[in-house]
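Subject: Structure handover

Hello,

Here is the structure for your files. My notes on what was found in it follow below.

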Amino acid sequence: MASPEIEALTQALSRLPGLGPRSARRAVLHLLKKREAAMAPLLRALEKVNERLSVCSNCGNVDTTDPCTICADPRRDTRLLCVVEEVSDLWALDRSRLFPGSFHVLGGRLSALEGVRPEDLSIDKLIGRVSKGGIDEVVLAMNATLEGQTTAHYLVERLETYPVRITQLAHGLPVGGELDYLDEGTLAQALRARRPVA
């Protein structure tokens, strides 16, 4: 049996995504064994982030500066704007280093079942950014779910009066995917988005 403090740490870690009780116990044991090399730097990093954490007033990213490091980067092409559901989606796209533009985080997706309405998301802020001008293309990078596609359709309706090109991420067969292992929705989307072979 561990002390109440160690057990509380284990329980706190087990609530993080991707960590169950066993993984959390292994992480706690590692931190305890490597107290100076692992626990002390982790504590310092957590304290710094906790003190400086903010939400970017421009795009909605979570960072330690406002505007965030992505919005403040002068190398970004501000004429391209990629709209994502969550900060995790922004981070995933930015990690790929394939999108040179700026981002906008909605803070979720429309969902009648969960009671998420347009006014619950940062859609009006997105429309405000587009209405100021200077944006040539809006890339809708919604997840390939019913709610994600509903959100994308709603955004298209709201943005169609502005002189911007509206595009959406391609959906369909993943690279290396085998047809036998794909669900019907992915196959249907791949068939709908088929194109001529050059």
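A contact here means heavy atoms within 4.5 Å. By that criterion T167 touches E137, V138, V139 and L140, leaving aside residues up to four places away in sequence. T167 sits in strand β6, residues 165-168. At 18% relative accessibility T167 counts as buried (buried is under 20% relative accessible area, exposed over 50%, partly exposed in between, with a 1.4 Å probe and protein chains only).

This is a predicted model, in which local features need pLDDT of at least 70 and side-chain atom pairs count only at pLDDT 80 or more, while totals for chains, interfaces and linings use all residues. Residues are numbered from 1 along each chain as its sequence is written, and side-chain values use heavy atoms, with hydrogens and water left out.

On the chain as a whole: the protein chain has 7 helices and 6 strands (DSSP runs numbered from the N terminus: H or I of at least four residues, E of at least two). Their order from the N terminus is α-α-α-β-β-β-α-β-α-β-α-β-α. The radius of gyration is 21 Å, well over the 16 Å of the globule rule for 198 residues, so the protein chain is more spread out than a compact globule (C-alpha atoms; the rule is 2.2 Å times the number of residues to the power 0.38). The C-alpha trace spans about 60 × 45 × 40 Å along its principal axes.

Of the 198 residues, 30% count as buried. Among contacts between residues at least 6 apart in sequence, 46% join residues at least 24 apart.

Regards
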